[in-house]
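Hi,

Here is the structure I promised to send over. Have a look first, and my notes follow below.

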Amino acid sequence: MQQPVIAYFSMEITLDPEMPTYSGGLGVLSGDTVRSAADAKMPMVAVTLLPRRGYFHQVLDADGWQSEQPVTWDVGGWLTELAPRVTVTIENRPVRLRAWRFEVEGHSHSTVPVFLLDSDLPENAEVDRALTQSLYGGDQRYRLCQEVVLGIGGIRMLRALGYSQLARFHMNEGHAALLTLELLEERRRASGRSDIIQEDLEEVRRQCVFTTHTPVAAGHDRFPLEMAVSILGERPELQDSGVFSCEGQLNMTYLAMHLSHYVNGVAKRHRDVSREMFATRSIDAITNGVNAERWTCPAIQELLDRYIAGWREDNFSLRYAIMIPDDDVRAAHALARQALFRHVQHAAGVLLSPSAMTIGFARRATAYKRPTLLFHDLDRLRSLAADVGPLQIVFGGKAHPRDPEGKQLIHQIVETGKSLRGIIEVVYLPNYDIETALLLTSGVDLWLNTPQPPQEASGTSGMKAALNGVPSLSVLDGWWIEGCLEGVTGWSIGTDHGMAHLATTQEHANSLYDKLEESILPTFFRSPAKFAEIMRHAIAINGSFFNTQRMVQQYALKAWLM
Ligand SMILES: *Cc1c(COP(=O)(O)O)cnc(C)c1O
């Protein structure tokens with residue numbers, strides 16, 4: 001294989017279900033990207049941190065209150081320690097870093113190496129040894145130090161490992177934005193100049209690519225300039241507002257944007273929202289995807305193997321799912337459903353009913369995702385279940401340890417579930433991770449998504465469901481604006497008012513119940529052939545497109561190999 005030319009940086013990357021190197025959607029996306037890059041034999045290396053204590057293991061008590069337990073794992077059993085050491089300076093202290101290697105294997109044994117940076121070395125001060133330990137833990141200072149390790153340490157480590165031909169540096173979210181400072185510093189040092197000149201900026205821009213992942217303001221890292229100076233040291237360029245800082249702050253999104261030749265949002269609507277947010281036209285869209293092989297359950301894989309030879313190597317061919325007979329689609333889904341029911345019984349002690357429609361909802365428990373929208377009018381929900389068809393609901397998702405509102409939502413779901421007992425079974429599956437995500441997105445009958453627009457940049461769990469023939473019922477936000485063909489691939493909640501109008505929660509709740517009552521439940525219970533057709537469409541129309549094979553090709557075409 002040729003020397004790698006693309007260096008992909010991400011704070012979290014999902015590598016294996018047994019390795020707690022991710023917290024949620026961003027890590028899953030990075031993991032799927034790297035794996036699809038390996039499939040496509042892209043000349044790529046990836047850089048991330050080594051979170052020895054993981055994100056956290058979620059435990060729920062009987063009332064649905066979350067507590068967090070650290071995860072321990074056998075780092076040396078999974079990763080290979082590498083010899084080089086590099087040093088970054090943090091608060092004037094030298095911090096030594098090592099890297100561990102993991103190989104992500106694609107089809108035909110092509111691989112992308114992933115380097116996990118680790119500050120837990122005996123020569124470091126105690127505070128510095130803990131820097132790479134937890135993902136999204138600690139305070140703002142801790143976060144900025146982690147970003148020094150990822151961005152600056154990452155570039156230094158790649159150089160120490162001998163990667164000299166890298167031509168593209170992809171910042172997956174702003175966490176890695178400090179790599180731009182290091183690339184500038186490399187040029188300054190090589191030229192022997194004492195400051196950075198315009199030509200350096202242009203050259204670094206040519207090399208950098210940035211993907212922004214959220215329109216939620218709090219999701220963009222910003223640090224007071226004084227903090228940046230105290231951690232990074234005096235860097236004259238930081239005072240240059242307009243490129244490096246903005247309103248007295250080091251804003252990682254601005255920094256990454258200003259120093260990249262290609263910037264994108266993760267769905268078309270997210271592009272439009274980001275253009276407004278940052279007052280610029282120069283943001284493109286590459287809609288997210290998921291790795292089709294990783295996100296199909298065994299029963300669906302077996303079905304696809306039977307009807308679509310070569311679908312793993314060529315995801316476009318999933319369009320031929322349109323020809324799979326109803327009975328076979330249903331039989332495969334029945335197996336996926338059994339696997340989910342077994343897991344629910346084991347993990348939550350609840351026996352689900354094979355004759356009810358199972359609705360799935362799992363994502364980070366946080367206010368804007370509105371996990372309780374389905375419970376907006378409990379009387380209406382009860383009467384739907386009684387009059388139109390029996391329902392059961394499986395929830396999952398962790399709240400960030402410092403998000404009391406998110407924790408409250410989980411509690412509220414569990415409490416509401418108690419009040420519905422005997423009429424609608426409600427289960428909250430603890431410790432949502434990539435294994436339960438696959439069981440859920442393949443084993444339920446309907447995937448529910450209710451964020452407050454326009455806050456969901458893309459969302460990917462509905463894409464996983466689609467690949468498994470599970471239709472979505474979703475607010476028109478993120479990827480669903482592109483993926484929803486009403487009554488064909490699934491159903492919308494409310495209408496799309498563009499960016500101007502915000503529908504109220506009441507309107508969305510009414511629409512949700514209307515769709516269940518008038519379309520979804522009647523089709524599910526009374527027109528199974530029609531429902532099987534929608535399942536087929538989900539795979540053929542959405543599975544064939546919303547995958548990382550297509551996504552990686554677009555990145556190559558638009559950003560990496562240009
Ligand atoms: C897919 C996935 C996510 C992201 O799902 P969204 O729909 O984007 O919220 C988060 N966590 C896990 C474990 C996942 O598998």
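This is a predicted model: local features need pLDDT of at least 70, side-chain atom pairs count only at pLDDT 80 or more; totals for chains, interfaces and linings use all residues.

Let me start with Arg536. The backbone oxygen of Ile322 sits 3.4 Å from a polar atom of the Arg536 side chain, and the backbone oxygen of Ile324 is 2.9 Å from a polar atom of that side chain. Both are polar contacts (N or O pairs within 3.5 Å; within protein, one atom must be able to donate a hydrogen and the other to accept it, and residues adjacent in sequence count only if both atoms are side-chain atoms). Arg536 belongs to helix H18, residues 528–543 (helices are DSSP runs of H or I, at least four residues, numbered from the N terminus). With 10% relative accessibility Arg536 is buried, meaning under 20% relative accessible area with a 1.4 Å probe, protein chains only.

Numbering runs from 1 along each chain as its sequence is written, and side-chain values use heavy atoms, leaving out hydrogens and water.

Now the ligand: 14 residues surround it, with Ala437, Gly459, Thr460, Ser461 and Lys464 the closest (the cut-off is a heavy atom within 4 Å). A polar side-chain atom of Lys464 is 2.6 Å from a ligand oxygen, and a backbone N or O atom of Thr460 is 3.0 Å from a ligand oxygen. Domain 1 (6–289 + 551–560) and domain 2 (298–546) both contribute to the shell, so the ligand lies between them; the domain bounds come from an automatic or database assignment.

Cheers

Terms used:
Helices (H or I, at least four residues) and strands (E, at least two) are DSSP runs, numbered from the N terminus. Buried means under 20% relative accessible area, exposed over 50%, partly exposed in between (1.4 Å probe, protein chains only).
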